[in-house]
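Have a look at it first.

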Amino acid sequence: MLRRIASYMKGYEKHAAAAPLFVMVETVCQLLIPLLMAYIIDEGIEMENMAAVYKYGALMVLVAVIATFTGALSAKAAAAAANGLGANLRRAEFEKISSFSFADIDRFSSSSLITRMTNDVTNIQNVAMMCLRILVRALTMLAASVVLTLLISPRLALVVVVILPIMVAGLLVLMKICMPLFEKMQQALDRLNETVQENLIGVRVVKSYVRENRERDKFKEANDNFTSTALRAMMRMVAMQPMMTICMAAATVLVLYNGGRMVLGGELDIAYLQTVVGYIMQILMSIMMVGMALLQYTRAQASTQRVFEVIDAQPTIADGGADRLPAPRGRVEFRDVSFRYQTEGAGEDVLHGVNLSVEPGEFVAIVGGTGTGKSSLVNLIPRFYDVHRGKILVDGLDVRDYPLDGLRGRIGMVLQNNVLFSGTIRENLLWGNE
């Protein structure tokens, strides 16, 4: 999954590679500052050696400048890479949705497709930013702090060996619990968006029939469902905080107890004990940061599955393979056509055994009550849906053999519900044919 996500970094590979490098340099520089401070105290102040104070002080300033500069560059590179990833994913989704038939859109629902293009992609984008900066920073800090602690006092470094497995095990259990909750949370967001979308599209009907109270109740139900699902997931994530706090407190006590004895026994200088305590805290904070990043990754994993479900979907209606198309005359023929909306399960036919021919220049009116299949009949001609049995011919050629652009370019339609696109009246007038 990670490899596939990385493939959508196209055009932003340099930014994605530069961000972790700058973060690692920044982190190492920040970790060197406490060590340089220990040298100033041990070799400079205690020895009354001002040359050492100036030397290590100048190094601290230089390291701090490098950390500041690389930190700014890493933030810029990570932002470019993460936003580029989001743009590429949205573009891929939109291109796939543009190829969907009405049946494909019905299968996903328009509200879910909007959520997948916005909220789900934003989740992935945020985690990409987190991985490029916070996760790399945490792992670099963890590795560097462990190495520096081992160099100063291998004995005190054993505390990390005891605490680390406990924290990692807790994180893995928490991730396993949260994953299904995040999936339910995104599904609840789909339903919430669907409720809002229906209300806004049908606002005239709602107000005409004075059904505002009913729509408020419907929205409240969807909103409460999303809130409760999100809270269940977040409460599990909150459980990480006390677990990490207890581990950090236990590690600090162990380090101070053993380090204090080493200082009293003359085995360790107090300046280095202070530095080791700082590094131990950095190690534990790094694990906490890794934990937060992994939990966010778990949420993004649910979003990633939903995004790629759209990208991987095969449109149910594909271009026909006819090399030569008949001259456009306008003859339409239905031969024993049957159609149902439910492609799976026991759905009833909306149209059954329809035989109909319309000659060029002929006017035909299809009359019937609501729900009798008039719109369905017309929607089959440009292949907004495909027939289940029988065939439809336009100018003697089965519509399934036409390229979609070639077929729909021959047909003019005035739909039941028309839409004005954003822009000027002129742009809308020219929209279908400039």
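How many nonpolar, polar and charged residues does the lining of the second largest pocket have? By class, that lining has 14 nonpolar, two polar and no charged residues (Ala, Val, Leu, Ile, Met, Phe, Trp, Tyr, Cys and Pro count as nonpolar, Asp, Glu, Lys and Arg as charged, and the others, Gly among them, as polar).

A quick word on what you're looking at: this is a predicted model, where local features need pLDDT of at least 70, side-chain atom pairs count only at pLDDT 80 or more, and totals for chains, interfaces and linings use all residues. Residues are numbered from 1 along each chain as its sequence is written, and side-chain values use heavy atoms, with hydrogens and water left out.

Now for the helices (DSSP runs of H or I, at least four residues, numbered from the N terminus). Helix α3, residues 50-98, packs with α10 at an angle of about 40°, their axes 8 Å apart (axes are lines fitted to C-alpha atoms over the stretch in contact, and angles run from 0 to 180 degrees between N-to-C directions). On the α3 side, the contact (heavy atoms within 4.5 Å) is made by Leu89, Ala92, Glu93, Lys96 and Ile97; α10 brings Val307, Phe308, Val310 and Ile311. Seven of the contact residues are nonpolar, none polar and two charged.

Next come α2 (residues 13-45) and α5, which pack at about 35° with axes 9 Å apart. Their contact has 14 nonpolar, four polar and three charged residues.

Notes:
Helices (H or I, at least four residues) and strands (E, at least two) are DSSP runs, numbered from the N terminus.
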